[in-house]
Amino acid sequence: MQMIHDAGVVRLEVQDAVAILIIDNPPVNAGSTAVRAGILACLAKTADLDLAGVVILGGGRTFIAGSDIREFGAPLAAPELPQVIAAIEDSPHPVCAAIHGAALGGGFELALGCDLRIAAPDAVMGLPEVTLGMVPGAGGTQRLPRLTGIADAIDLVCSGRRVKAPEALRLGMIDALAQSSEVQDLIVAAISAIREAPHKRRLRQETMPAVDIAALRAVEEKALRRGKGRPNVAEAIALVKLSAEVPSEEALAKERASFQSFRLQEEAFALRHLFFAERAATRIDGLNAEPAAISRVGLVGGGTMGQGICRAVLAAGLPVTLVERDAEARDKAQDAIGQALDGAVAKGRLDADSAVHRKALLTASDDMADLADCDLVIEAVFEDMAVKKELFTTLDGILKPGAILATNTSYLDIDDMADGIARAAEIVGLHFFSPADIMKLLEVVRAKNSSDRALATALAFAKTLGKQPVVARVAEGFIGNRIYAAYRRHAEYLVEEGASPEQVDRAATDFGFAMGPFAVGDMSGLDIAWQMRKRQAETRDPATRYVDIPDRLCEAGRFGRKTGGGYYDYDAGKPQPSETATRIIHEARAEKGITPRAFTTQEVQDRLLGAILNEAALVLSEGVAARPGDIDVTLVHGYGFPRWRGGPLWWASGQPVERVATMTDATASAAGAGFATAEVETVLAPMRADRQEIEQRKSGHA
Ligand code: COA
Ligand code: NAD
């Protein structure tokens with residue numbers, strides 16, 4: 001290799017009459033201004049060289065993971081990406097993108113601007129801009145449909161999904177796969193592709209593949225349904241369709257203008273906030289330990305959660321030993337997991353070989369001694385302190401030295417649970433959400449004595465499972481359930497005061513929540529919280545406001561969906577307003593002498609959000625959560641808070657101070673005696689400062 005030019009984050013070498021342009025901008029080769037300028041400078045150097053072609057390669061672990069997301073909030077500096085892609089198209093040499101790791105967003109658009117695309121077998125690619133509140137801005141909506149057809153392009157652009165290289169090959173997104181994922185094999189494959197097809201292609205000028213109208217309609221409807229009315233989704237569809245309607249110059253200009261507009265809108269800022277908050281949440285400041293290697297996971301308890309966690313671990317390719325109380329419960333759990341895997345195959349979500357492989361990774365047992373070789377054991381037995389303590393004592397004597405012991409408890413005090421256990425340093429909380437193989441959130445609970453190694457292992461394990469971790473300290477309900485409980489309590493106040501469950505739920509879904517609090521309550525079952533309230537009845541402060549409507553529903557046998565009724569009646573699984581529930585609510589109000597009053601949708605939303613904000617601020621001030629962003633990530637990933645609003649704290653930081661004060665005051669006065677009022681503005685201050693900086697950068701003043 002001969003070095004021809006070094007532009008810092010991009011350099012140019014020549015090997016066998018092929019120029020290799022290497023991007024080296026760790027950690028993920030984000031396409032920053034410097035990278036774009038470097039590519040242009042290096043390309044310019046190739047113009048006069050006698051070459052068979054040019055290969056663009058990512059140095060380090062990836063191709064280009066995308067344009068630098070940090071640059072999207074301000075005026076973009078020249079050269080912009082379309083200019084770089086135009087230079088690739090105008091190069092006299094054929095240019096081949098050699099993709100390993102990830103080619104996403106602007107990274108994949110750059111690859112689409114090349115004449116050829118070769119990928120390592122384990123590479124991923126796609127256009128995730130829509131998931132960041134934008135549309136692709138450098139030709140993605142125009143060049144991709146020329147390779148895949150319009151229908152597949154709409155699906156790819158609107159879902160933003162990451163496509164693995166073999167599928168990308170099938171869809172036409174790339175020309176060939178390299179022999180292996182070794183960089184040398186990738187370079188060899190790219191060079192031979194250039195030698196086999198030594199001409200310019202200029203994708204944007206190619207004719208469009210024929211359109212299958214029925215497939216197009218179906219995919220469009222699906223994209224709009226999944227896009228839940230987000231305006232950038234409809235715009236992305238229109239842009240892709242434009243590829244068949246007008247000359248590419250015109251369509252590219254239209255795409256760029258849309259991108260420039262969407263990237264500076266509130267939604268895009270909210271989604272970028274979450275992008276960085278999600279990554280920050282995977283870290284604990286000052287943590288100083290390497291994670292332990294996990295080659296076998298143990299699970300105790302094969303009920304709802306145990307089975308779900310088991311499915312999640314098997315999906316990550318790790319062997320599991322599942323222990324139940326007796327042979328009958330053991331077989332039941334193993335059968336249920338097997339049936340769930342078969343069901344996934346029947347629905348086309350899993351291929352038959354993978355199901356066989358996952359089943360083979362599972363060992364079910366009724367003997368705790370079988371957990372002796374596990375590196376991490378998670379308990380998901382009954383939510384009962386005595387049962388969990390006894391189990392911990394037993395496991396402490398069985399597990400190998402250094403094995404991590406995790407509890408999936410929802411509410412119990414983990415410090416108490418770990419008290420007296422010799423391996424207290426190895427104990428952490430791993431609070432999964434139901435269904436555990438689907439829900440992305442995983443609260444990692446840091447107990448008083450949890451070691452750095454145990455925490456580092458828990459965070460690494462979350463990554464292995466593809467979960468979004470958030471670290472919480474020990475507290476009733478940790479971060480998520482605690483905030484959700486305040487929200488749900490407040491929803492009950494509203495109903496007691498005169499709103500109907502339907503109105504409260506509609507206000508929540510109008511705001512963007514996936515479901516309203518009462519529909520959620522009916523779905524998870526009202527009886528569990530009822531049992532808990534009965535246990536707490538003796539110690540409850542009689543001065544605090546207590547709504548007895550859910551108790552009355554349970555006393556009437558209305559536990560929710562599973563009993564055919566709760567706040568709603570269920571007809572073939574669909575919730576319907578319930579006369580019985582309405583009567584029960586009327587009776588409860590009448591007994592307290594409450595005259596029902598009317599609420600506007602905004603009033604309901606403000607009171608619900610006020611409750612969330614106040615509790616979130618308490619959780620932060622008590623140190624249960626470390627950063628405001630962690631609260632946003634928790635509510636978005638675990639509780640159906642609308643992602644496009646960036647989480648409750650980010651959303652609130654965009655509201656006037658007076659409005660937030662009115663909301664939290666209304667919440668406090670409705671709650672009455674004993675309500676702990678938090679310093680919400682103190683918590684919002686860093687985000688308000690970020691927003692101010694954003695405004696300045698948007699107008700180019702910083
Ligand atoms: N722009 C700016 N920074 C980026 C980035 C981008 N497009 N992609 C990743 N980063 C940063 C992350 O914020 C993180 O920074 P930090 O270490 O300071 O927190 C670092 O790069 C590593 O990213 P991370 O996601 O933690 O690494 P990973 O190895 O788990 O995953 C990727 C690598 C490429 C799969 C992942 O980073 C990714 O999906 N990036 C998103 C790319 C994207 O959406 N691009 C489209 C933009 S339109
Ligand atoms: P579950 O009743 O469905 O399952 C508990 C299982 O544990 C049963 O199969 C039981 O046979 C088994 N078990 C009990 N004692 C045992 C022992 N000593 N040894 C081996 N097996 C034993 O309960 P679940 O809903 O799966 O909840 C389990 C735990 O997960 C609880 O701590 C709960 O608070 C927590 N959790 C539940 C949810 C949820 O939505 N259900 C969500 C997060 C966390």
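# Chatting through salt bridges and a covered helix

Tutor: Let's start with one pair in this predicted model: Arg 201 and Glu 206 form a salt bridge, and their closest N and O atoms are 2.7 Å apart.

Student: Is Arg 201 buried or exposed, or something in between?

Tutor: Arg 201 is partly exposed, at 28% relative accessible area. Glu 206 also counts as partly exposed, with 23% relative accessibility.

Student: How many salt bridges does a search of the whole structure find?

Tutor: The search finds 47. Another of them joins the side chains of Arg 488 and Glu 492, at 3.5 Å from N to O.

Student: Where do Arg 488 and Glu 492 lie?

Tutor: Both are in helix α18, which covers residues 480–497. They are four residues apart, about one turn of the helix.

Student: Why do residues four places apart point the same way in an α-helix?

Tutor: An α-helix has 3.6 residues a turn, so residues three or four places apart point the same way.

Student: Are Arg 533 and Asp 551 buried or exposed?

Tutor: Both of them are buried.

Student: Which residues do salt bridges with shared partners join into one network?

Tutor: That network holds Glu 496, Glu 497, Arg 545, Lys 592 and Arg 607.

Student: Okay, new topic. Where is Gln 503 found?

Tutor: Look in helix α19, residues 501–511. Gln 503 is buried there, with a relative accessible area of 18%; the cut-off for buried is under 20%.

Student: What does Gln 503 touch, leaving out residues up to four places away in sequence?

Tutor: Its contacts are Phe 599, Thr 600, Thr 601 and Val 604.

Student: What about helix α20, how many of its residues are buried?

Tutor: Six of its eight residues are, so to speak, under cover, and the helix (residues 517–524) is mostly covered. The buried ones are Pro 517, Phe 518, Ala 519, Val 520, Gly 521 and Asp 522.

Student: What do those buried residues pack against?

Tutor: They pack against α18, α19 and β19 (568–571). Just after α20 comes Gly 525, with a positive phi of about 100°.

Student: Let's zoom out. How many helices and strands does the protein chain have?

Tutor: The secondary structure comes to 28 helices and 20 strands. The C-alpha atoms fill a box of roughly 90 × 60 × 50 Å along the principal axes.

Student: What would the radius of gyration of a compact globule be with 702 residues?

Tutor: It would be near 27 Å, and the protein chain has 28 Å, which agrees. Of the 702 residues, 55% count as buried.

Student: What share of the contacts with a separation of 6 or more is between residues 24 or more positions apart?

Tutor: Those account for 73%.

Student: Last one: how far apart are the mean positions of the positive and negative charges?

Tutor: They are 2 Å apart, for 77 positive and 94 negative charges.

Terms used:
Residues are numbered from 1 along each chain as its sequence is written. Chains are lettered from A and ligands numbered from 1 in the order in which they are written. This is a predicted model: local features need pLDDT of at least 70, side-chain atom pairs count only at pLDDT 80 or more; totals for chains, interfaces and linings use all residues. Side-chain values use heavy atoms; hydrogens and water are left out. Helices (H or I, at least four residues) and strands (E, at least two) are DSSP runs, numbered from the N terminus. The radius of gyration is taken over C-alpha atoms; the globule rule is 2.2 Å times the number of residues to the power 0.38. Buried means under 20% relative accessible area, exposed over 50%, partly exposed in between (1.4 Å probe, protein chains only). Contact means heavy atoms within 4.5 Å. Lys and Arg count as positive and Asp and Glu as negative; His and the chain ends are not counted. The place of a charge is taken as NZ of Lys, CZ of Arg, CG of Asp or CD of Glu. A salt bridge is a side-chain nitrogen of Lys or Arg within 4 Å of a carboxyl oxygen of Asp or Glu.
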